[in-house]
Amino acid sequence: MSEPSRPARTAVVLGGSHAGMLAARALAGLADRVVVVERDVLPDGPAPRKGLPQARHAHMLWSGGVRAVEELLPGATEALLAAGARRAPVTTDMVVMGARGWFRRWPESHHVILAGRDLLDATIRDLVLADDRIELLRGVEVLGLAGDAGAVTGVRVRAGEGAGSAPGADSDAGGEAGPGAEWVVPAGLVVDATGRGSRAGRWLTELGLPAVERREVDSGLAYASRLFRAPEQARSGYPVVNVQPDPRAGGPGRAGFLLPIEDGHWIVTLNGTRGGEPSTDDADFVRFAREELRHPVIGELLERAEPVSGVAYTRATVNRRHFYERMPAWPENLTVLGDALAAYNPLYGHGLAVAAQSAVILRDTVRRRGWGSAGLSRRVQKAVARPVSTAWDLAVGQDVFCPGATENGPTVRDRLVAAYVGRLMLTATGNGRIARRVTDVTSLERGPEVLLTPSVLLAAALGPWKPALTGPPLTADELKRAGLE
Ligand SMILES: Cc1cc2nc3c(=O)[nH]c(=O)nc-3n(C[C@H](O)[C@H](O)[C@H](O)COP(=O)(O)OP(=O)(O)OC[C@H]3O[C@@H](n4cnc5c(N)ncnc54)[C@H](O)[C@@H]3O)c2cc1C
């Protein structure tokens, strides 16, 4: 059998953010050519851009995601650290008030990467685009899919302002690539990674496929974030500080977290569910942290730090999942990944890690089944549902308790699971082994089944074996460095 012609071995990735860049990397070497189509003219280096508004909010990448990124891009962690990102051991460098009290700082079991989102994206983007098998069409908007219900054959795109100067912008356009020009990029595999605003569901119905099943669970969470310069002595090696709500208290849940990132900055996010939202007002930020959270420690730290940005505000926090893997029919050559497939309440910090794990699954499935094999993209879609389900269940399992989040409220099963998780969280405050097991799951390194082994069930029944802490476990040195002594 002859090899497929060039378009048939071209992969086209829609969206050049976290999921898109990692998907492109996953397919380099499997496709002859990988083309990333991105509506923004991506900046050189870490800089804000229109298509990534969430970059003004705190982002952390859990170790389950770090491992997946490393697998695709060996050396990525080193590159991130060299660019200024921090690697924080979990729970060693974490001061966390959970629903059931302060967690102790146990020896490292997992880690997180802490960085401004623009720095994270720019570093990964540079590594991916250094591969000359990957081309970027920047400033080019995806309009829809070409093909029919049986198979996708390409992508309809339109050049925006700035696209004309983009390398490769006219490679498939027959030479006409000025602003407004439209053409079809032929493809043997299309990956939709256009984020929360993905129109894949609509594109599929335009091809004659049925509407996708979709679920939304909206905690009503509003997010306010602000960048601070840490006090001089606290600009390196400071722990993460996180105050979480206690759902048993009733009423709106309010939380805050302070992440130490590059350049001696703290990025701080305050959030609240319906009726407990933080304000958009710069002047109210520190007050909210000090007076509205269950403990004032974040506010006290901020009183000694210098704000270097205004408040960024978003309500784009609804959990939204498209069950593409359940569609009765699925066209060849199309895969949907990242937030385009499922977006989670950002409070749990899982979107980046799931996107990275999904890109690894994409690579492995194409490798194993063979480029262009029948039913390949359906297999990918079913396989990526696994990490998606883990993050989805973790987020939705908690958010269904927020008033108004769903039509019917929590089920009996939701209540039973929540009661067990609550007991585990209490146990984890004073039992290092259980704290590690819980973090296995929250870091997306292992599935939730590790919380159901007999020894974990027994530990949960017995509860914490160390007494509850009465305040945040900041060391005397950390208090002094932040001016809190
Ligand atoms: C406030 C907030 C805080 C968060 N915090 C965390 C966290 O701490 N940890 C974590 O893991 N996750 C976090 N997340 C989730 C994380 O931001 C997303 O999971 C992640 O960005 C998903 O990446 P993506 O590439 O799928 O989508 P996106 O990053 O949204 O990128 C989509 C890309 O597609 C492009 N695009 C869109 N439409 C088109 C089109 N028609 N044509 C061409 N290009 C197009 C956009 O310009 C953009 O570049 C947070 C999210 C929010 C909202």
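Here, buried means under 20% relative accessible area, exposed means over 50%, and partly exposed lies in between (1.4 Å probe, protein chains only). This is a predicted model, where local features need pLDDT of at least 70, side-chain atom pairs count only at pLDDT 80 or more, and totals for chains, interfaces and linings use all residues. Residues are numbered from 1 along each chain as its sequence is written, and side-chain values use heavy atoms, with hydrogens and water left out.

Let's start with the domains. An automatic or database assignment sets the bounds, giving domain 1 (7-59 + 122-215 + 318-394) and domain 2 (88-113 + 218-316). Their centres, taken over C-alpha atoms, sit 32 Å apart. Nine residues of domain 1 are in contact with 18 of domain 2, contact being heavy atoms within 4.5 Å.

Now the salt bridges, each a side-chain nitrogen of Lys or Arg within 4 Å of a carboxyl oxygen of Asp or Glu.

| Pair | N to O distance |
|---|---|
| Asp-93 and Arg-105 | 3.9 Å |
| Arg-315 and Glu-277 | 3.6 Å |
| Arg-287 and Glu-292 | 2.9 Å |

In the Asp-93 pair, Asp-93 counts as buried because its relative accessibility is 16%, while Arg-105, at 22%, is partly exposed. Glu-277 is partly exposed too, with 28%.

Arg-287 (26%) is partly exposed, and so is Glu-292 (28%). Both belong to one network of salt bridges with shared partners, which also includes Arg-254, Asp-284 and Glu-303.
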